[in-house]
Amino acid sequence: MHSLIRPNAWVGLKLPSGSTKVIQIIPDTTISLGKYGAFPANLVLGRPYHLTFEVLDKTLEETFSRLRIVPASELHAEAIAEEDEAEGNATPATGSANDAVLTATEGEEFSLVDEKGNVVARSGREVIDDSAIQTLTQEEIEELKREGNNAGKDVIAKLMLSHTALDQKTTFSLAKYKLLKTKKYIRRFQVVPIDVAGFAQWQLEEKDASKIMDMRAEMFGLVGCWGNVHYGGEDSMINDPHSRSDQCEKTCVPVQPDELKGRWLVVDDTCGMLVAAMAERMGVLYPKEGDDEEAATAEQQEVKTEASTQNGSAQQNGDVEMADAVPETTVPERPKTMATNKKQKVRPKGSDFAIPFSQTNTLTVIHSTSQPNLSLLNYWNFDITAPNHPPHPLLNHLLNLTWLQLLKPELDTSYSTPPPTASAEELASWKPSRRGNFHRKRRRFARTRYIVDSTRAGNFSGLVCASSMDPISILKHTLPLLAGGAPVAIYSPSIEPLAALADCFSVPRRTAWTSGNVPETVDKSLEELERWEGNEQFPLNPTLLQGVSIQTSRARRWQVLPMRTHPLMTERGGADGYVFTAWRAKPAEGRVEARGKFKKIQPSKKAGKTEEAGTPAETPTPAAVEDDDAAMAAKRKRADTVPALDTEGASAPENAATDDVASPTKKRKVDGGAEV
Amino acid sequence: MDDTMAPATCSQALKISPFLEPGKATKVGSLAILQLSRDNLQPVYLQAPAGKHDGYAEGAVVNTRYGSFPHSTMIGVPWGSQIRASKVDTGSRGRNNKRKRNKSDDDRNEGSATVTEEKTEQESTTAEVNDDSSAATKKVVADVSGFIHILPPTPEVWTSSLPHRTQVVYTPDYSYVLHRIRARPGSVLIEAGAGSGSFTHASVRAVYNGYPTEGERKGKVYSFEFHEQRFHKMNKELKEHNLDSLVHLTHRDVYNGGFLINGKSPEAEAIFLDLPAPWEALHHLSRRNPKNPEDKDWVSPLNPKKSAHICTFSPCIEQVTKTVSAMRRLGWVDIDMVEIANRKYHTSRERVGLNLSMDRGVNNSARDVDEALSRLTDIETRFREHAAKSKESDDEMDGDEDDGLIKRCEKKEQKGRKKKVKTDHKPASAGSVETPASGVPLWMEGRLITRGEPEIKTHTSYLVFATLPREWTDEDEATAAARHPVTGEQKVIGVVDKAARKQERREQLQKATGNRKARRMERAAELAVTAEEGAPGVVP
């Protein structure tokens, strides 16, 4: 995915100060890092990620700064030197490491490192002023920075040496002082790719944590794993029905529920960060790469042609886009990529009713506004609002619909309005704009219909959720859509909503439910109970989830340096973040008993586990049980249960309601028996 | 009937591992996880009911503390199904005598074994079944002893149910590690110290992007295990889970043997080392021979085109120090060490109050000051009544006895309350819903609280992360420089100075406020220019 820095790629530039700057590397521009210098973007294009560059001083012949790749040995030189010293290593460390220790250029009067590689600063220079601790004035420092060469190392070295109290400093404070100065003056940066882990970290720590609901890396890991989000199988596209323009919705391809596999439901209020994380886990976030070098060359050529046309045609280009459809809603910084990539390839367009989505390995986003807010996906060059999008894997794997479309599709205009039809002659007589509109409407209809119908067909492989909405209300409508055994993973910055949700599945609630104590449930079938719309006492059907659990994780970072290893003193606080996990269960029909194997055990001993009382109406075995057998079994069971009831009721409080349930169940059983 | 070999043959018929695509319903031969209670999970390979098995007339049976579950009741049901216990005769199977049972024919496939039940190894000697193909399997009858849920296998449930061979890398750790080392579909991952296989299963899921066909590069895990028995067990497990073409397991000491496969590089981008001394294996994971960079024959196990991300997993700080030191010397950058603290929370209803039922978990003390006050007043009044009564009967009362009387009153009051609660509760339980006198149902009574688990894992291991950039030679730099030559850059991106920013803003504003106006002005300016140019020509 991330091998070489491609033109127009979004990257992170890690600066010595510890902050990261996220920018798009546009060819033929100058990248400015403020006080750390400026350099032409082309000097990092085509270079690998994770390298550290140093901004060199301008030479006399050139108008720009060149870059130097800083080898890792130089980055770690001090730590290595310290280690060697600590070990009493008389022999100097590897040659390269020793050279690289922060030291001034030769011939200068100061030196920070002796021949043995010790970092303790010594100088023959006389102390100028005892009153001032740092003898260099601000003007002098500025002067040094201006004429400064050697990427700021001179400044640091001079600062160190003109620090009068340097010899009074302990090794630790010395190291700290130097680190401080290095952060401020050294002109280095590292280029890191924008991937989910790195970007989320940046968004959390430097940009706006609330935008991604304070979701830390640990949480992305947990939610992804507990949601079992993974590659959901090879793409299987739906055949184009080749419908003509005068054919109505009957020619739309019906949803084939058996073909739908590896689909995850998402409710995302993190501006698309969660979707990006899931897409990464499913392998649909980054474009497929061919051979690296080839791709790079191809892109290079394309960039060149673009560069020549770009200046003149940018404005026009924008106009063409507008004509096609909805005006682009605010895409603050990034219309450029869209425009430049646009010319790449024209997708072969199918008929209006062709469905562009894969039936496998998809994400279905349910959103509460008419357009989903997935703005952060722009950093991966995907814009859900763009009408004619350049190829992107998310195009075929990201489906989105509103809650209205999911729950009351008949009220949604784009779902319920039948598509317009027109004969070919009629169509030919129209103006192009009207024709475009006609096709757009038909395409939108087919897509909406497919998304809504396939989502309502259910059988999703999992539900992942990071939303500010009440999770109970989300689960009420999404639980019926999940396949049996499908995981549910819900993130929340605070524990309260998740606790309230977990309480809906508490043991007493479940017991009361399964023992038939809820009058509303008595005559309902399993399917009806799956779509239980909830009441005050039972907001959700408590038997639909198993293994309900809430957890949190926090990573504690450590500083690892020779003789100075300890956890970091401060870290980001804010929301702790919690994850609710469970699996979708398929409850057995009728009542289920769980009285344990209590033949030899005292009743009080078995009180520890979930008790649910009642008699089953029928066995859920695939092997069909004959009517009379079932009845016999049931009868026998009832006979078994009744005498046990009193002791049960007294000992186990959850079972207290056992006997009173007998009547409703009996009724249901009779019904069941009649059906069989 | 050799049951132990069966799962391998069965799983070959299934194409995709149940970990990656479990399908809609349980199948014969597939791995399933039985959830007995929230944290009690048990893996089972489902066997077809093929006559008697191990003395059970119902075929293979799983016995739990919640009852017996014949496999036949768990096959062909949707995942997540609740399964009732069945009435199974567990007592007589060791004995040789025949039992008269109601039998019916059932279709069957080849059997498979269960890994979970600690079954007695003895062969079923009850030679009731003569013909294997028409063997009779006892029809099952539901029992009241309990139920379980049957879950599809995922790395998470597998991790909490797998047979332990070593310390297990649990979900909080591996989820974070896989996120940080960028294990994604299509990645190639090296794992050393396969151990019990929890990380292996999680990493396969992360890198899986389809089963590889000939010559195709797909996401793959190269796993190394030093311990021979663990290696064999793991190998068997991978076959049973149909992951053997996605995981290449090698029995090797990686400190000396390195990470190459038959002398070839696996071309890995992600590495996870769960070894006692990761620093001794690190030198194999370089771009060039660290001892002799000029060595042309040395093959790196890393992908030459990508940055490699590593994580080492060590419990002790001394191991970390050594690992980090070795990483620094081998050119790894972005070295970062973290430890993960995970906590699980239970939610419950905290029921405090004097008028609540005497159930388990109820704190029968005053809910608030008001309740305490009313109770004290109650006692006080009673005491006074009592005192007045006894004064009438007996005038010789001591102060000492006063206290005793109060205590007695208190006790009496308590007893009375208990009785009252009981009588309050009884009709409730016999009534329609488990509603105590208060009208609030039991499951909504009290305050909803969360509390941590009684025992927390305070330390699992230290995780050291680092990145090794791809090698970049002078030639590479030259080609890149030729491909992206520095031309006359005009635009500045990133941090721009104040003047440039102001200029940009001005332009933007102009564009925004009066597009038409600006264009008209532009046109006017153009006209003026042409007029100026044209003018001299016209005049003569």
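Two strands pair if DSSP finds at least two bridges between them. The views below are of a predicted model.

**Figure 1. Pairing of strands β5 and β7 in chain A.** Three bridges link strand β5 (residues 52–55) of chain A with strand β7 (residues 188–193) of chain A, and the pairing is antiparallel. Within this pair, A:E54 has A:R188 of β7(A) as its bridge partner.

**Figure 2. The open sheet that holds β5 and β7 of chain A.** The sheet has five strands in the order β2-β1-β7-β5-β6 (chain A), with antiparallel pairing. Its edges are β2 (20–24) and β6 (67–70) of chain A; each has a single partner strand, so one side of each lacks a neighbour in the sheet. On average, and with direction ignored, neighbouring strands of this sheet are turned by 35° against each other. Strands of a sheet, in general, pair through backbone hydrogen bonds, in either the parallel or the antiparallel sense.

**Figure 3. Helix α7 of chain A on the sheet and beside helix α9.** Helix α7 (residues 196–207) of chain A lies across β1 (10–14), β2 and β7 of chain A. Relative to β2(A), the helix runs at about 120°. α7(A) also packs with helix α9 (residues 273–282) of chain A; the angle is about 165° and the axes are 10 Å apart. Angles over 145 degrees count as roughly antiparallel, and α7(A) and α9(A) are therefore roughly antiparallel to each other. Their crossing is left-handed. On the α7(A) side the contact is made by A:V196, A:A200 and A:Q203, and on the α9(A) side by A:M273, A:A276, A:A277 and A:E280. By class, the residues of this contact are five nonpolar, one polar and one charged.

Figure 4. The loop between α7 and α8 (217–226) of chain A contains A:D214. The phi angle of A:D214 is near 55°, a positive value in a residue other than glycine. A:D214 counts as partly exposed because it has 19 C-beta neighbours inside 10 Å, while a buried residue needs 20 or more.

**Figure 5. The contact between chains A and B.** In this contact, 112 residues of chain A meet 108 residues of chain B. Strand β13 (residues 545–559) of chain A supplies 12 residues, the largest share of the side of chain A that touches chain B. That side of chain A consists of 51 nonpolar, 36 polar and 25 charged residues. β13(A) is also joined by nine bridges to strand β14 (residues 333–352) of chain B, and these two strands run antiparallel.

**Figure 6. Chain B as a whole.** Chain B contains 13 helices and 18 strands. Of its 540 residues, 40% are buried. Among the contacts in chain B with a separation of 6 or more, 72% are between residues 24 or more positions apart.

**Figure 7. Strand β12 of chain B between its partners.** In the parallel sense, β12 (270–273) of chain B is joined by four bridges to strand β9 (residues 188–192) of chain B. B:E191 has B:F272 of β12(B) as its bridge partner. β12(B) also pairs with strand β13 (residues 308–314) of chain B, again parallel and over four bridges. Here B:L273 stands opposite B:T312 in β13(B). From β12(B), B:A270 and B:F272 point one way, and B:I271 and B:L273 point the other way; all are buried.

Figure 8. B:N262 is in the loop between α6 (254–257) and β12 (270–273) of chain B. Its phi is near 50°, a positive value in a residue other than glycine. Because B:N262 has 5 C-beta neighbours inside 10 Å, it counts as exposed.

**Figure 9. B:V204 in helix α4 of chain B.** B:V204 belongs to helix α4 (residues 198–207) of chain B. This residue counts as buried because it has 27 C-beta neighbours inside 10 Å. Leaving out residues up to four places away in sequence, B:V204 touches B:V221, B:L243, B:L246 and B:V247. The C-alpha atom of B:V204 is 9.2 Å from that of B:A183, which is 21 residues away along the chain.

How values were computed: Residues numbered from 1 in each chain as written. Chains lettered and ligands numbered in written order. Predicted model: local features only at pLDDT ≥ 70, side-chain atom pairs only at ≥ 80, totals over all residues. Buried ≥ 20, exposed ≤ 12 C-beta atoms within 10 Å, placed from the backbone. Contact = placed C-beta atoms within 7 Å. Nonpolar A, V, L, I, M, F, W, Y, C, P; charged D, E, K, R; others polar. Axes fitted to C-alpha atoms, helices over the stretch in contact; angles between N-to-C directions. Parallel < 35°, antiparallel > 145°, perpendicular 65-115°, else oblique. Left-handed = near helix turned anticlockwise from the far one by under 90°.
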